[in-house]
Amino acid sequence: MTAVPVAAPVSAPPSSAPALVPGAPPPATVFADVWRGIGRENPVLVQFLGMCPTMAVTNVLANGLAMGIATTFVLVGSGLFVSLFRKYIAHEVRITSYILIIATFVTLADMLLAATFPDISKALGPFIPLIVANCLLLGRAEAFAAKVPVHRAVADGFGMGMGFTLSLCLLSTIREVLGKGSILGHDLFGPRFEPWVFMMMPPGGFLTLGIALLGLAWVMELKKRRALVTA
Amino acid sequence: MTAAHQHQHGAPPSTEPHKITPAWRLLATLAIAGAAAGWLVVTVYNLTLPAIQKHAGEQVDGAVREVLKAPARWDTLYLIGNAVTATPPAGSDKRELTKAYVGFDAAGTRIGVAVVAAEPGFQELLTLMIGFDPSTGALTGYKVLDQKETPGLGDKVEVDKSFGAQFAGRIVPIKGVKLVVAGNPNQVQTITGATISSRAVIRIINNAVAKWRPLLEAHDRGGQQ
């Protein structure tokens, strides 16, 4: 499953652009904006942003999925408004304004979740309001949404959100299967299964993430070697 | 602007980075943004509030029904100061008050009273709905409303139904033991691997009943108000 974000098709940058180096301008199509967050710049597996919710809520799939969707909602909403008002927000107060926009969407996400899925809202507890402190949000607002037209900001927010959601789903599926023997609460192995309780606790999150990153690095290394051989 | 210009890292995002923005503009930006954000939050709050309150009410209703073994109906009593009353003083927010739910069967006989109590468990507050008969001190059952006990161990006080089922009919004060003596109405068997959480449940129940029994008895003596 770790291969999924890596294999994401990323359209080639324009020929005039320099080779891919950190900080290079990203390709400018909406499609590439979406895929970048899922693949090459995946928030969790590549950028290491938002590690706190990644560890805290990925014990069962339903929580990881809900946190991912809530974060996507905030990313898209804040990207839209940051980009929409980028010409009117003065440089001096931009961080305050971005945080205000992000906090508004986080509050909306919290209330909407509590109204629609009270059990998940209860399970996630303070972690939904804490999305406001997820550096992924302010990072995308400052580094991307404030510099591009609305459609690109929304595409980027959606892509980053999907990348975040898929990463959380990957981790929480592993942890729920091993730690509870179930997927989305559906029992997989029957009553004889002895759950690996460790995976439900915070250290299990660190272990799972570590192994996922190890697998990702291994796949990347293999790809690099294959490219060297074929070259 | 070309795409390359837009993405120069380190470039200030403002369109006019070198011009100093007048203070009134900064204030106006934040004031307008704050007002818009406030309006949006209030609107969504008003839209979602009925659903959220309905869920909270359903959770309480479900818990009362469970711990009092399906009462035909129940009355709500409110704890005001050091007395229990059926009629809270005018102007007080009923949602904020501490409540006791008095359940009756179809014949109108009192089955028991359900109260909410919270005390520290193994790592966080453990919140229970407790059902008991104030005249005898016998429990009807309990339900965990909120817990953050260790998954797979301490959370058995919520998920392990054979532990929870022991409490019906036990007489307060109860004591947690490793092996119950058959017929002893004051003992329940603690969960292996979750002794602290089991004892926390027992402690919360004992304390809650000890606190509420005199209050409810005083209310009974005073008759229904």
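Which loop of chain B holds B:Pro173? That is a handy place to start, and the answer is in point 1.

1. B:Pro173 sits in the loop between helix H4 (161-165) and strand E7 (175-177) of chain B.

2. **Before you read on.** This is a predicted model, where local features need pLDDT of at least 70, side-chain atom pairs count only at pLDDT 80 or more, and totals for chains, interfaces and linings use all residues. Residues are numbered from 1 along each chain as its sequence is written, chains are lettered from A and ligands numbered from 1 in the order in which they are written, and side-chain values use heavy atoms, with hydrogens and water left out.

3. **Chain B overall.** You get five helices and eight strands in chain B, and from the N terminus on they run α-α-β-β-β-β-β-β-α-α-β-β-α. The radius of gyration is 26 Å, well over the 17 Å that the globule rule gives for 225 residues, so chain B is more spread out than a compact globule. (The radius is taken over C-alpha atoms, and the rule is 2.2 Å times the number of residues to the power 0.38.) Along the principal axes, the C-alpha atoms of chain B fill a box of roughly 85 × 50 × 30 Å.

4. **Burial and contacts in chain B.** Buried residues make up 37% of the 225 in chain B. Buried means under 20% relative accessible area, exposed over 50%, and partly exposed in between, with a 1.4 Å probe and protein chains only. Of the chain B contacts with a separation of 6 or more, 52% are between residues 24 or more positions apart; a contact means heavy atoms within 4.5 Å.

5. Helix H8 of chain A covers residues 150-180, and its 31 residues should span 45 Å at 1.5 Å a residue; the end C-alpha atoms are 42 Å apart, which agrees. The expected span is 1.5 Å times one less than the number of residues. In H8(A), 22 of the 31 residues are buried, so the helix is largely enclosed by the rest of the structure. Just after H8(A) comes A:Gly181, with a positive phi of about 70°.

6. A:Phe48 has a phi of about 55° although it is not a glycine; look for it in the loop between helix H2 (30-38) and helix H3 (51-56) of chain A. A:Phe48 is partly exposed, at 44% relative accessibility. B:Lys69 also has a positive phi of about 55°, and its loop joins helix H2 (23-67) to strand E1 (73-80) of chain B. B:Lys69 is exposed, at 52%.

7. **A buried serine.** A:Ser78 belongs to helix H4 (residues 61-84) of chain A and is buried at 2% relative accessibility. Leaving out residues up to four places away in sequence, A:Ser78 touches A:Ile101, A:Ile102, A:Phe105 and A:Leu137.

8. **An arginine in the last helix listed for chain B.** B:Arg203 lies in helix H5 (residues 195-221) of chain B and is partly exposed, with 35% relative accessible area. Beyond its neighbours within four places, B:Arg203 is in contact with B:Glu119 and B:Pro120. B:Gly176 is 27 residues from B:Arg203 in sequence and 9.2 Å away in space, C-alpha to C-alpha.

Technical notes: Helix = DSSP H or I, 4+ residues; strand = E, 2+ residues; numbered from the N terminus.
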